[in-house]
Amino acid sequence: MRTATYFFIFLNLSLALFEEPAVYPLPFLVTSLLEVLCLLVFLGRLAHFASVTLHSVFWKDTKNICIVVAILLSLTDLAIYGVLRVYGVRSIRWSRIVRPIFLINFAESRQIRRAFRSIRNTLPEITYVFLLFMFSLLMFSLMALKLFGERDLQTAEGLPYFRNYLEIVFDLYVLVTTANSPDVMMPAFDFSSWYALFFIAFVIVNTYIFMSLFLAVVYNNYKKHLKVMLGGGIACS
C-alpha cells in the first residue's frame with residue numbers, strides 16, 4: 001500500500017509536466033483521466049484508513065480533512081476546466097498548488113511531515129534575518145540610484161542604466177546570486193573604475209555575509225526543531 005500510494009502521488013505531481021502549458025504536452029483527456037485515477041486511488045486509500053479507524057478519531061485528524069478537501073478541490077477544478085475548454089474559454093488549473101498536500105498528509109509520509117513541520121516552525125525565526133537582508137538590498141538600491149541614475153549611463157544594449165528604482169532592486173537581487181556578475185557593473189565601471197567599489201561592497205555584505213548568516217540561522221533552527229520533534233516522538237513511543 002505504501003509503494004502504491006507513493007507511486008500515484010508521484011504520478012499526480014508529474015502531471016504538471018504534461019498539462020498545458022507543459023514541457024511535453026499530452027491531450028487533455030489523457031491527463032484528466034490520469035488525474036481522476038490518482039484521485040480515486042487517494043480516495044480509496046482514505047476510505048480504507050477510515051474503515052479501520054473510529055469515525056470520531058478519523059474526522060478529528062487534520063491530515064484526513066486536508067486530503068478530502070484537496071480531492072474535492074481537484075475534482076471541482078478539473079470539471080470547471082473541462083467545461084470551459086469545451087466552450088473554448090481559456091482558464092488556469094489552479095488546483096495544481098494543492099497536489100503536494102497528498103505527499104505531506106498521508107500516513108505513510110511521516111518523515112516528510114516532520115521535515116515540513118520543522119521548516120514551518122523555522123520560518124518565523126528567520127524572518128528577522130530576511131528583513132535585514134531586504135533592508136540592505138533596498139538601501140544599496142537607493143545608493144545605486146543616486147550614484148548612477150543622473151550619469152546618463154547606458155547598458156550594452158543601449159538601455160537606460162540604473163534609472164528605475166524597482167529595476168535596480170531586481171538587478172541587485174540577481175547580483176546576490178552572482179548570476180549577472182560582472183555584466184551589471186560594467187557600464188558604471190567603464191564610466192569610472194572607482195564605481196567597482198560599490199559593487200564589491202554590495203557583494204561582500206549581501207552575498208558573503210548575509211547569505212552565510214541566513215544559511216546558518218536556517219540550519220541551526222531547523223536542526224533544533226527537528227531534534228525537539230524527534231525527541232518528542234521517541235518519548236511518545
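**Two helices side by side**

Mentor: Helix 2 and helix 4 run roughly antiparallel to each other. This is a predicted model, where local features need pLDDT of at least 70 and side-chain atom pairs count only at pLDDT 80 or more, while totals for chains, interfaces and linings use all residues. Residues are numbered from 1 along each chain as its sequence is written, and side-chain values use heavy atoms, without hydrogens and water.

Trainee: Why are helix 2 and helix 4 called roughly antiparallel?

Mentor: The axes of helix 2 (residues 28-51) and helix 4 (residues 62-86) cross at roughly 160° and come within 11 Å. Angles over 145 degrees count as roughly antiparallel, so helix 2 and helix 4 get that name. Axes are lines fitted to C-alpha atoms, for helices over the stretch in contact, with angles from 0 to 180 degrees between N-to-C directions. Helices are DSSP runs (H or I, at least four residues), numbered from the N terminus.

Trainee: Which residues of helix 2 and helix 4 meet?

Mentor: Contact means heavy atoms within 4.5 Å. In helix 2, Phe28, Leu39 and Phe49 are among the residues that meet helix 4, whose partners include Ile67, Leu75 and Arg85. By class, this contact has 13 nonpolar, four polar and two charged residues.

Trainee: What does UniProt list as "transmembrane region"?

Mentor: Its unreviewed entry lists residues 26-44, 65-84, 126-145 and 194-219. Such annotations may be inferred rather than shown by experiment. In the model, residues 26-44 are 89% helix and 0% strand, with end C-alpha atoms 26 Å apart. Residues 194-219 are 92% helix and 0% strand, with end C-alpha atoms 37 Å apart.

Definitions and conventions: Parallel < 35°, antiparallel > 145°, perpendicular 65-115°, else oblique. Nonpolar A, V, L, I, M, F, W, Y, C, P; charged D, E, K, R; others polar.
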